[in-house]
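Subject: Structure handover

Hello,

Here is the structure for your files. My notes on it follow below.

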Amino acid sequence: MYGTGLAKGLMLTLRHFVESYVDDVRYGFRKYHHSTDNFGIRQGTKTKGVITVQYPDEKVAVPERFRFVPFLIVEDEDHPTRAGKDWCTSCGICAKVCPPQCIWIVRGNDPNTGRPVPEPEAFFIDIDICMNCGFCAEYCPFDAIKMDHDYELASYDRTTHHIHDKERLSKPNSYWRGIAPTRAYEEMLVRGTWEHKDAAKEARRGAASSRASAPRPAAERPAAPQAEVASEASASGETAAPAPAAEGATPWTEDDAKREERRRKALERKARRAAKRGQ
Amino acid sequence: MDNPAPAPERQLDTATVDEAIGFLRSEHADAVTLDDRDGYEGIIVEGGRLLDIARVIRDDLGFDYLSSATAVDYLGAGDHLEMVYHAYRTSGGGALVFKAQTDRENAEIPSLVSIWRGADFQEREAWDLMGIKFPGHPNLKRILMWEGFQGHPLRKDWREAYYEEEQKPFDSRWPGGHVHRAEEKNVFGKNVTYPPDIDLGRLMDTSESAVYQSLGLGVDVERIMDKDGFETNELVVNMGPHHPSTHGVFRMVLTVDGETVTSLEPVMGYLHRNHEKIGERNTYLHNIPFTDRLDYISSMGNNHGYVLAVEQLMSLGRKYNPPTYRCEALRVMMVELSRIVNHLWAIGFWLNDIGAFFTPVLYFVQERERILDFFEAVAGSRMMCNYMRFGGLFGDLPARIKSVSNLTNDRVRDYNTMQFLTEMINERIPRTIDDLERLLTQNEILLERSIGVGVLSREDAVNYSAAGPLLRGSGVAYDIRRAEPYSIYPELDFDVAVEEEGDMYARYRVRVAEMRESVRILKQILPRLEATAGESIWADGKPGAYAPRVPHGEAYGRVENGKGELGYYVVSAGGRGGSANPWRYHVRAPSFINLTPMGIMSRGHKVADIVGILGSIDIVLGETDR
């Protein structure tokens, strides 16, 4: 009969209409009070009727993997040896892997030796350009840059507020573990330590060299405190006199010099190629 | 050569691609040479004979569907421009790739519009962006840029306003990365040039005729404009670019006779951002998040097509690990979920267009929200998923979907991922589709509005290179997942949805049936995910490199996306060790090419139906304009 299809469809609309009130009655309008549990009812998988979120009074909590404008991890203030230190070593991978090229890094140099040091002197992210793809966090070998959960970044003036400098970008390690505990744990498993990769390496090296200098088995027991001392020494050594490291030169400067050499060569090659293209 | 013996001709329709190439080389040795460049496929056809050969390819060899036609600028590598055509059979199988070369100065290649109407917009695009002239094209005007634009942006020697370097990563970012904002360094306005013959006064002209000056096809503006008073019975109606029913900044110019549309011409490019040029500056990896921004309703599918294309190229090299089984299963699951999202969205907004304003769409969007929640928990973003990588994925499924946010409302969501998925696939999505069908399929108003409206015949659908539900709604059972299977589709059990009528209602039915097939696929994926739990998504157990080098060659990766055939044509011009940036990166966008038959579909209908016809094609302007 003509019109039955229409009526059937309207029954569905009616059902939705009724359901929204049935749910209200079932939860006694508790659904709409601003509390976590009530919000959970409304946003759960079993809910019926009205599911809208009254933003900004209510906010849907974002999942752990949610990604928004990146931030830099710095060590917590209560860290015994590295308080306030950057996890970033200014290796530049994030800047290279960034699709819209919104990351600028000034690599720090040791004022005495002129050699690069593994921490950024300045770090900028233009959040107007950032496309929130998360590549920087994904490919950072030091887990030093992470995607944030704070998506409320509106401001009145884009020219001054939308270029985040290092101060604005830096957030403590504990913040990251707070917003993404599972991911922080997984990264720890890959890294093999809760500490920064370099710090852990230093610690191991310190422990090894101390074993070498004091080959008695009794020295192995207090390995952990010694490791801390060693990493402390190297940490303070970067700003003051060259570190009195056990094995002579600090290994990272050597690596970096090589890297710098490679980079210089690569740039030359690139320039040659560009010149060839230009002809 | 025009009269090959009848017996071989019959066999030729079903000959393999290699046999077809062999036939062309032996019968037309003067015009056809094999493309023997390293990593390339197909044949190079001599420009003057292109039309003959193309006719043989279509009529004798049976490659009736021209999927993609695009141009490449080989500046510095032969210094020629090249048109690359990918022709397929609608009965399935691989592509016959044929190319035509021309020099850069006076670039001319005969137009194939007389053979495949589907080449219409693609040739206009090649003229616009690459500067190849196509003698024989009925309306060779710019399509994405405006008339009066200087230069052809995809040529290798063209540089954009905020040009920094040929290729990323830019040297200024590290190690001496002192921040600057592009617009401060390079103020827009000083680097805009105009062609010498352009009348700049035109830009100040506020009269009506200027609005239509760059149009050509079918709309004889002058004739109609010259008439005055009520004597005229034909009228030009401009819809868009700012019109709520055009799904974005899209413009249609129609002539109406009374209420009846006599001709229609789509005008696009308002959202053009030269995606392909950006793609050539980018490294291979950089392009993945950019593909999200094409068809932003189904970004998972966009990712899939692109990684397939690049994986095809990578497999030419020695160091290549194909994705693991679990990775493929996850990819297919994501793509099928996004197909459901796409169709829910498409049907919902099509209903908006024909007058069922927002009540149905909101019912569907509720379910879409759940799927997007899942994407967000797995990939990190609801719409800009950026989930797939070459040879792998961003990450495996998390064990639990949960929020530990510092904002508010902790503990709101905490589900077991597999349980959430199982419930969604087995209960929630089928229920939503049932509701959708109950609401609409027999609804008399919908039937009256959509049956017999916007008819596209089977022949036209193929000839105009229509793809996706638009093609299958016209009775062509062509689905790339079956016609040229990729990933794990060969082992999955599903049917190709097809309807014969070719009208708006048929397309609606195809979309509904496809959602049901997607659910069927997803139900088969679930046990596969459980069986492979714990298996790595990377063949060698660790994530791929951040700057992969891709061997020399070309690849055309195509997937059946929600809107139709999405293809990526990628050329790598790397020497030994491969290249870090694509030489050419072209997107065969279904939303763009599906608009080619818009004109013939609209003829004879009312203005109110045009809106519905456009909705039934299902376009996204991010992909149309690129």
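Helices (H or I, at least four residues) and strands (E, at least two) are DSSP runs numbered from the N terminus.

This is a predicted model, in which local features need pLDDT of at least 70 and side-chain atom pairs count only at pLDDT 80 or more, while totals for chains, interfaces and linings use all residues. Residues are numbered from 1 along each chain as its sequence is written, chains are lettered from A and ligands numbered from 1 in the order in which they are written, and side-chain values use heavy atoms, with hydrogens and water left out.

Helix 13 of chain B bends by about 25 degrees at B:Gln366; the bend is the angle between axes fitted to the seven residues ending there and the seven starting there. Just after the helix, B:Gly380 has a positive phi of about 105 degrees.

Strand 3 (residues 65–74) of chain B is largely enclosed by the rest of the structure, because ten of its ten residues are buried. Strand 3 pairs with strand 4 (residues 80–88) of chain B in the antiparallel sense over nine bridges; pairing requires at least two DSSP bridges. B:Leu66 stands opposite B:Ala87. Five residues lie between the strands of this hairpin, where B:Gly76 takes a positive phi near 90 degrees.

The largest nonpolar core has 217 residues. Such a core is a set of buried Ala, Val, Leu, Ile, Met, Phe, Trp, Tyr and Cys residues joined through side-chain atoms within 4.5 Å. Helix 12 (residues 325–354) of chain B gives the most to this core, with 15 residues.

Between the chains, 71 residues of chain A are in contact (heavy atoms within 4.5 Å) with 71 residues of chain B. The area buried between them is about 6400 Å², 55% of it from carbon and sulfur atoms; this is the accessible area (1.4 Å probe) lost on putting the two parts together, summed over both. In chain A, A:Thr45, A:Arg65 and A:Trp104 lose the most area to chain B.

Regards

Methods:
Buried means under 20% relative accessible area, exposed over 50%, partly exposed in between (1.4 Å probe, protein chains only).
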